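Look at the sequence and structure first, then read on.

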Amino acid sequence: MNPALQAVITIGLGVGGCLVYFYGSNLFLDKVLYPPRGPNAGRNINRANMIRPWLFLFPAIVLLGLYLAYPVVATLWLSLNKQVGTGSEFVGFANYAQMMSEEKFWESMQNNMVWLVVVPAMSTAFGLLAAQLTDRIKWGNIAKSLIFMPMAISFVGASVIWKLVYDSRDAAVAQIGALNAVWMKFEGGIWSVLFLRVLPVVLLLAFAAAVAWVAWGMVRVVLQSDRAVGGLEKLARGLGALVGLWLVYVALSWAFGAVRADLPYGVPQQFLTIPYWNNFFLMAVLIWIQTGFAMVILSAALRGVPEDTIEAAIIDGANPFQVFFKIKVPQIMGTIVVVWTTITITVLKVFDIVLAMTNGQFQTQVLANYMYDKLFRAGDWGVGSASAMVIMLLVMPILVWNVYNARKEMR
Amino acid sequence: MAELLLKDVEKAYGEVKVLKDINLDIKTGELIVFVGPSGCGKSTLLRMIAGLEKITGGDFSIDGVRMNDVPPAQRGIAMVFQSYALYPHMTVRDNMSFALKIAKKSPEEIRAAVDKAARILQLTPYLDRLPKALSGGQRQRVAIGRSIVRDPKVYLFDEPLSNLDAALRVATRIEIAQLKEAMPNSTMVYVTHDQVEAMTLASRIVVLAGGGISQVGSPLELYERPENEFVAQFIGSPSMNLMTGEVVETGEITTVRLDNGGLARSAVPTIASDTGQKVKIGVRPEDFIETTGEAIFTGDVEITEALGEVTLLYFKKQGDGHQVVGKLPGIRSELRRTTVSLTADPKKVHLFANGRSLLYR
Ligand SMILES: Nc1ncnc2c1ncn2[C@@H]1O[C@H](COP(=O)(O)OP(=O)(O)OP(=O)(O)O)[C@@H](O)[C@H]1O
Ligand SMILES: [Mg+2]
């Protein structure tokens, strides 16, 4: 039979089956089981109404149980067993122990953590920026469509596109990778100094200054505020300030490095093999994709900020920056958090991009690809399942928090 | 100290001019109220004064300084919005300090200003609450407090009481009146739909209609000597009765034979050449007196509304669709379905020709 025909039949059966199930089960409930007639009519109506929600939930519960809950339990079980020949044997936490001793696992963990910080932060920041800026220009909707477009591309497709961007050819022939094409333009002259030394240094210093200012703002509240600051808040603010200090240190050392680095002008670069930095080249792909998502959601949220609070702030003397950061952003904080956590979950599961671009080589491994490696390439079900459990454990708290926040937003 | 001067101010959205030829001289310490039908441009005019809306023509100055292109924050104004426009993520204290923080005032100064405003408005217990934990009246007071702390030269209010229930509206109205009393040197501009607010608060009322100013004057002036039919009907509730007729006798007292058969005498003087002119006479419902003799109007009472101290009489609709309304003292429910004749003191009978009062020619 033609597959298309099969598909049509499947759809027909599925939709029809749903209709038959919901209609039939409700009919059975109302006509046969608890008919609203006779001496117990009132009691029957109440009982029928108590059962009805379950009729509607039943298919979803069964399917979720079958395809979600059961696999979780099965994976947990697999992670505690070891394959011996054709059978398996219970080994307790041996798989986990083996995983922990592997360098590649810790590399994945570390990379995942960097992804976890960088991608949601950048995507949300760029999304917010794009949302604010596109709302103010005439062709904003076109810009928005363009920024949103990557969302429609599969991760693998996006990876292919970016692989081309990072591609490198022999120095003698023309570069087809955009990044190398630009890179080959630098030859150590005045523009190279301007773009590769001065600009990064300025940007990094500006970043350091901004972070230092924010960190100072966090501490200042504790030091000078006229309101009482709770112990927990003090701790959080202290930690935030410390992270800020660390970021300042990193930025400054990078700025120093940018001044001193000996740049290999004229040599095409294999960007995806430069250890440590290649991670960021991979992250760029996901940021490119997720920015559109963040922008769409945040743009809707920004529109929801009451116009008169903005006007009141303008009358109060706030400049556009203050209006944005002190009036608009705080009012959409809930949405920002939801966007952030949603992207965080996507990031924790990141797999396709790494698989398609480096396959975890050159120290770019991430947990999901590590799991895939173990499960389907090495055929080691025990360790593979163990790493799957680790991913789930990492996602869980964020997921719970996300649902909590989303519900709070809805109220 | 603030004197506002609007000269030939106009506002156009593209081709459409929603306001034109606005000339207004607001003196220090006045409380000016803008009234007018919905959509006549009250809010727009107020927002132009605030600087939230661009002035597309004419000049606007405060204390002689042209303000057309000065940003809102530097105009020395503060605005209270109909929807309060409190910052939902800030406590009452932060809401009130925001402008001062932006202006980089010292923390002590801010604290003192906020505490003082909170005391005046009885908001001290709520300073650490978020706006969502306040009642409507309290929110409105915070919005007013936010203005007070900045000590502006001009206060602008856009229908500040319209979201409050009737009792609270009266209470807050009195508070605003007291506030005005306490700050005799500040100028206030107040937009409202509510006539009572306009009549009780205003030192002068500006009636806006059809994109222009219909009349400017003290509440009593507007009530007693309306310049045109629009103001006559807009001020006062129920509104003034207008009846068409023809001048039959001129002089210090003008006599008008009405189309409905009545005879009206008005203290508005006319000249001999007016004889035979088509005019409208206007009588406020409360100025009608029951009579058995010569009547301005005789008709069948359709409905009576006894309000206690007065009774409203709604007469059967006239041929032109106008329904005459009378207001008589006391409870007069027995007049329902009877024929009643009404007259009025000539001093209370207004005279209009071509929509304009003959008093002002
Ligand atoms: N952006 C705009 N473009 C075109 N016309 C506008 C715009 N904003 C307001 N108007 C028009 O300007 C007129 C005045 O509006 P405004 O809001 O000042 O009325 P208002 O007197 O405050 O009415 P209300 O009593 O209902 O608040 C209205 O007719 C409105 O349609
Ligand atoms: Mg308005």
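## A salt bridge in chain B

The side chains of B:E227 and B:R356 form a salt bridge, at 3.5 Å from N to O. A salt bridge here is a side-chain nitrogen of Lys or Arg within 4 Å of a carboxyl oxygen of Asp or Glu. Two salt bridges are found across the interface of domain 1 of chain B and domain 2 of chain B.

## About the model

This is a predicted model, in which local features need pLDDT of at least 70 and side-chain atom pairs count only at pLDDT 80 or more, while totals for chains, interfaces and linings use all residues. Residues are numbered from 1 along each chain as its sequence is written, chains are lettered from A and ligands numbered from 1 in the order in which they are written, and side-chain values use heavy atoms, with hydrogens and water left out.

## Chain B: two domains

Chain B has domain 1 (4-233) and domain 2 (241-360). Such bounds come from an automatic or database domain assignment. The centres of the two domains, taken over C-alpha atoms, are 38 Å apart.

In chain B, 11 residues of domain 1 are in contact with 12 residues of domain 2. Contact means heavy atoms within 4.5 Å. The area buried between these domains of chain B is about 1100 Å², and carbon and sulfur atoms give 47% of it. Buried area is the accessible area (1.4 Å probe) that two parts lose on being put together, summed over both. On the side of domain 1 of chain B, B:Y223, B:E227 and B:E229 lose the most area to domain 2, together 53% of what that side buries.

## Chain A: three domains

Chain A is divided into domain 1 (3-79), domain 2 (103-186 + 266-410) and domain 3 (190-258). The C-alpha centres of domain 2 of chain A and domain 3 of chain A are separated by 22 Å.

Which residues of domain 2 of chain A lose the most area to domain 3 of chain A? They are A:W183, A:F186 and A:W277, together 86% of what that side buries. The area buried between domain 2 of chain A and domain 3 of chain A is about 340 Å², with 88% from carbon and sulfur atoms. Four residues of domain 2 of chain A are in contact with five residues of domain 3 of chain A. Between these two domains of chain A the count of salt bridges is zero.
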